[in-house]
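Open the model in your viewer and keep the selection tool at hand. Each stop below says what to select and then what is there.

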Amino acid sequence: MPELPEVESIAKCLRNGSATNPSLIGMCINSATLHWQRSLVTPSSDDFISRIQGQEIDSIYRRGKFLAFQLSRDTLIFHLRMSGDLVIQQGEEIPTRHVRLTLELEKGYTLCFLDPRKFGRVWLVSQPENIFAALGPEPLDENLTAEKFYASLKAVKRQLKPLLMDQSFLAGLGNIYTDEALHRAAIHPLMISNQLTQKQAAALLDSIREVLIEGIQRNGASIDWVYRGGDFQNHFRVYHRVGEPCYRCGTPIERIRVGQRSTHFCPNCQNLRNK
DNA sequence: ACGAGCGCCTGTCGGC
DNA sequence: TGCCGACAGGCGCTCG
């Protein structure tokens with residue numbers, strides 16, 4: 001799915017508008033149509049449709065990989081998981097495939113939740129904090145200091161790759177940005193968290209922030225058939241680069257399986273030993 | 001506490 | 001051409 005930079009890019013686009021779509025701030029939701037029941041977690045579809053009707057979009061924000069719409073009375077929350085996307089259409093141009101939820105807005109605009117794989121989820125709640133309760137800190141939050149990050153790494157004994165992707169440890173990293181951050185910090189994905197030095201922990205936090213900021217500046221990454229307009233995919237240093245030379249040392253990039261996920265790294269720069 | 005495996009889904013791609 | 005397996009930006013669950 002979209003990771004933090006992709007969700008941030010989508011949130012910005014819906015909030016500020018773009019060349020092809022208006023800002024949704026201030027728009028009223030006239031009606032809602034649910035096309036795939038299981039996309040909706042809560043409330044029931046009948047309650048969802050009646051409750052959301054007539055509410056206005058006050059603000060749009062991101063928390064971890066969640067995308068939230070603060071409405072007049074409730075909060076509408078999306079998790080795009082692997083293949084979800086939110087697009088605005090006008091008039092009769094409603095896509096026919098992969099549409100799981102549509103919100104009919106003012107002036108003929110429709111917000112479409114597209115999700116080929118149907119893994120995405122939607123909530124309409126009065127207390128959004130409950131949905132976000134299990135999330136760890138935001139990686140770009142200044143309050144997350146290198147000292148705090150080091151302490152949290154020392155507090156557990158886990159492989160870095162799955163740990164960094166654990167949303168209760170840190171909110172927002174997924175498979176791509178985790179691999180990219182570990183490579184930039186020259187740390188092996190299977191290194192055990194409590195073995196990092198303070199210096200390595202600081203470098204890792206810096207690298208995480210670097211890749212996320214670059215991803216946001218490039219409007220995220222668009223890979224496979226899911227094109228969202230970003231171009232960070234053209235700047236990956238390890239992801240999808242198996243066998244190609246490491247930009248730092250020329251060694252071919254390798255791929256291993258960690259927790260059922262493809263993990264890309266440079267076996268020379270990111271050595272488990274001597275670190 | 002932690003990691004591995006699996007289920008949830010549809011689509012694409014490469015090999016034969 | 002058609003079939004088949006591998007693979008895909010995530011996460012919750014169970015089982016050792």
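This is a predicted model: local features need pLDDT of at least 70, side-chain atom pairs count only at pLDDT 80 or more; totals for chains, interfaces and linings use all residues.

**Stop 1**

Colour residues 4-132 of chain A as domain 1 and residues 146-265 as domain 2. The centres of domain 1 and domain 2, taken over C-alpha atoms, are 29 Å apart. Now show the residues where they meet: 14 residues of domain 1 are in contact with 14 residues of domain 2. About 1200 Å² is buried between domain 1 and domain 2, and carbon and sulfur atoms give 61% of that area.

**Stop 2: what holds polar atoms across the interface**

How many salt bridges does the rule find across the interface of domain 1 and domain 2? The number is zero. Polar contacts do occur, with five residue pairs counted between domain 1 and domain 2. Next select helix H1, residues 4-16. Helix H1 gives seven residues to the side of domain 1 that touches domain 2, the largest share. That side of domain 1 is made up of four nonpolar, four polar and six charged residues.

**Stop 3: Glu6**

Stay in helix H1 and select Glu6, which is placed there. Is Glu6 buried or exposed? Glu6 counts as buried because its relative accessible area is 6%, and the cut-off for buried is under 20%. Show everything around Glu6: leaving aside neighbours within four places in sequence, Glu6 is in contact with Tyr177, Gly220 and Ala221.

**Stop 4: Gln167**

Move to the loop between helix H5 (160-165) and helix H6 (175-184), where Gln167 is found. The side chain of Gln167 has polar atoms beside two backbone positions. One is the backbone nitrogen of Gly172, at 2.8 Å from a polar atom of that side chain. Another is the backbone oxygen of Leu173, at 2.9 Å. Not counting residues up to four places away in sequence, Gln167 touches Lys65, Ala134, Leu135, Gly136, Gly172 and Leu173.

**Stop 5: Leu34**

Select strand E1, residues 31-34, and pick out Leu34. Leu34 is buried because its relative accessible area is 14%. Apart from residues up to four places away in sequence, Leu34 touches Leu40, Ser45, Arg100 and Leu101. For a view across the chain, draw a line from the C-alpha atom of Leu34 to that of Arg209: they are 175 residues apart along the chain and separated by 37 Å.

**Stop 6: salt bridges**

How many salt bridges does the rule count? The count is 10. Three of them can be looked at one by one.

- Select Arg62 and Glu138. They form a salt bridge, with the closest N and O atoms 2.9 Å apart. Arg62 lies in strand E3 (residues 57-63) and Glu138 in the loop between helix H3 (128-132) and helix H4 (146-154), so the pair ties together parts that are 76 residues apart in sequence. Arg62 counts as buried at 16% relative accessibility, and Glu138 counts as buried at 15%.
- Select Arg158 and Asp166. They form a salt bridge, and the closest N and O atoms are 2.9 Å apart. Arg158 is partly exposed, with a relative accessible area of 31%, and Asp166 is partly exposed at 21%.
- Select Arg218 and Glu214. Their side chains meet in a salt bridge at 3.0 Å, N to O. Arg218 counts as partly exposed at 26% relative accessibility, whereas Glu214 is buried at 16%.

To finish, select Glu8, Arg62, Arg63 and Glu138 together. Salt bridges that share partners join these four, Glu8, Arg62, Arg63 and Glu138, into one network.

Key: Residues are numbered from 1 along each chain as its sequence is written. Chains are lettered from A and ligands numbered from 1 in the order in which they are written. Side-chain values use heavy atoms; hydrogens and water are left out. Domain bounds come from an automatic or database domain assignment. Contact means heavy atoms within 4.5 Å. Buried area is the accessible area (1.4 Å probe) that two parts lose on being put together, summed over both. A polar contact is a pair of N or O atoms within 3.5 Å; within protein, one must be able to donate a hydrogen and the other to accept it, and residues adjacent in sequence count only if both atoms are side-chain atoms. Helices (H or I, at least four residues) and strands (E, at least two) are DSSP runs, numbered from the N terminus. Ala, Val, Leu, Ile, Met, Phe, Trp, Tyr, Cys and Pro count as nonpolar, Asp, Glu, Lys and Arg as charged, and the others, Gly among them, as polar. Buried means under 20% relative accessible area, exposed over 50%, partly exposed in between (1.4 Å probe, protein chains only).
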